[in-house]
Amino acid sequence: MHSVPSRPFAARALLASLTLCASVFAACGGEKPAPTPDPPTVTLTVPQPNTAAPSLTVRVIVSGCDAVSRVDIYDRDTFLKSVPYTSGSMDFELAPNEIKYDRGLAVNLSLNARATCADGRTNSSQPQPATFLPVKKVIKDPDPNGQVVTDFFTAEGSGDTAAFIGCGNTTTGTGTLYRVDATGVVRNTLEMQIPCSASTVVTELHPTTNKRWVWTPGVGAIAVDSNFVVTGKTAPSYKLMNLSVMSNGDALVSDGPSVSRLQHTASGGTFQWTYQGLWAPVGPAKQRAEQVLIPIVRVPQESTGLLVELVVITVDANKTGPGANPNNPAVSERTILQFTGAVEHPPLTAFNLDGSVIYISFPFNNNQARVQACLTSMDGCEGAAYKWASPFFPVEIQGVFPYAAGSRLAIVGLQRVWFLDSNTGLVVNKGGTSVDASGQLQILQVQMGRATTSEFYILAGPPPGSSGLPTMPQEIVAVDTAEQGELFRYEVSSSLSCSVDDSGRLWMRLGNNLVQALTLPEYRAVKK
């Protein structure tokens, strides 16, 4: 017969078991294993997270290591380089060729540092965003608050001999012309006697006269030579609306109702001749050989409804011979088109380089528009006088700009740009897709390259505020050729502007700094 042990016996058995376990632990030693050391603390920061510079600076701090054996910099999970970190806070440079441009230019980076201690412990920093556009060099004003060049400028020369001409208002409101050299030193100044604005235009230096025109819409113009001496100007009472430069350096100016020839030596503002008809010009006058072409929109005498017509007036460009009448220089006129519209809202027009073709932008219903090309030497735009009509664009056209030696035509909407073959009117954008400003930004200005080159730059900025005052560009979009599409885009929080020097090199004002970009082929070489 089996019997069950009594409860006191069971307790003694448990006590014996506990005693045995305790003796075993005592025999193995009583110290606990040493705790595993914490991983190092790694911090990476980008002092200028949005930068256009020859290199990108990153700052690294590693703590928690007796010695650091390795620090690697990554963009997301892509290894960029190892840096010789020793201790404390250290700055390192990422060169343009050490960065991958898989996400385009200017590249949006997410940088982190991975550090390894000499004992093998490792850790990574938190990712830090950065936007980087590689450039050749950055020129800064010695005054931390100083701006190297004026808000808008035009470049002359190239390389180390480049200079930058721009118009700015002093604290007293005086319009002043400045020339700044490639080191940021002001070499020349000139009080112009006309104020500057965001719309002030500085033309290129004329190769024969060695002069340029500086003009502010609604105010006036001056002709100034390379030594900053004024040689010609509009009269103080003249309210200039438009200006184009003739082949000999004289200016074709318009105050709205009339078009006049202003010689670059006319210091008193006297015109060589003036054309004034019943209808005001709808675009800049264009010289063609010994003639001047003036586009106007008028109501034909036989019109009984909304019919209007586009007419090109031809004027003798010289009118200096015996019997010349400076008050009636018109030679002929040609009616290019008749269409339904209103004189108060004329179509946009532009001439090709030699004035043989006029481009006309027409609005249509549902916010559509198209461009038509017609010869200026024939009446009507039919048969031999008709060149082409573009596709319809889903925007209201803001500007039509021939460029690339006249082979291309830029069609600029409020936020979108298309490029046309000027011989056929066909869209040549990459994939047929427009080049657009970012987000809600609007196109404020465009900058063409040199006369025979294919680059085109779009400058976009915020829409006007409630005050209606114009805003400044904050984004630049570069196109090297229409067929290859966007090359790079770069945006700042302050403002920017740009110009192209005699070699075709892009210069940008980014905030207060002046920046020389890389060549466009250098950018294209890394563009994915």
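This is a predicted model: local features need pLDDT of at least 70, side-chain atom pairs count only at pLDDT 80 or more; totals for chains, interfaces and linings use all residues.
A disulfide is a pair of cysteine sulfur atoms within 2.5 Å. Residues are numbered from 1 along each chain as its sequence is written, and side-chain values use heavy atoms, with hydrogens and water left out.

**Exercise 1.** Find how many disulfides the structure holds, and work out their pattern.

*Solution.* 
Step 1: The structure has 3 disulfides.
Step 2: Count the bonded cysteines along the chain, and the pattern reads 1-2, 3-4, 5-6.

**Exercise 2.** Decide the handedness of the link between Cys-167 and Cys-196.

*Solution.* 
Step 1: Check the bond: the sulfur atoms of Cys-167 and Cys-196 are 1.5 Å apart, and they form a disulfide.
Step 2: Cys-167 lies in strand 11 (residues 163-169), while Cys-196 sits in the loop between strand 13 (186-191) and strand 14 (201-202); the pair, 29 residues apart, links distant parts of the chain. Strands here are DSSP runs of E with at least two residues, and helices are runs of H or I with at least four, numbered from the N terminus.
Step 3: Look at the torsion about the S-S bond: it is about -80 degrees, so the disulfide of Cys-167 and Cys-196 is left-handed.

**Exercise 3.** Describe the link of Cys-65 and Cys-117.

*Solution.* 
Step 1: The S to S distance in this disulfide is 1.8 Å.
Step 2: Cys-65 is in the loop between strand 3 (56-63) and strand 4 (68-75), and Cys-117 is in strand 7 (residues 107-117), 52 residues away.
Step 3: An angle of -60 degrees about the S-S bond makes the link of Cys-65 and Cys-117 left-handed.

**Exercise 4.** Are Cys-374 and Cys-381 buried or exposed?

*Solution.* 
Step 1: Recall the cut-offs: buried means under 20% relative accessible area, exposed over 50%, and partly exposed in between (1.4 Å probe, protein chains only).
Step 2: Cys-374 has 0% relative accessibility, so Cys-374 counts as buried.
Step 3: Cys-381 has 7%, so Cys-381 counts as buried too.
Step 4: The two form a disulfide with sulfur atoms 2.1 Å apart.

**Exercise 5.** Say which cysteine sulfur is nearest to that of Cys-498.

*Solution.* 
Step 1: With a relative accessible area of 5%, Cys-498 is buried.
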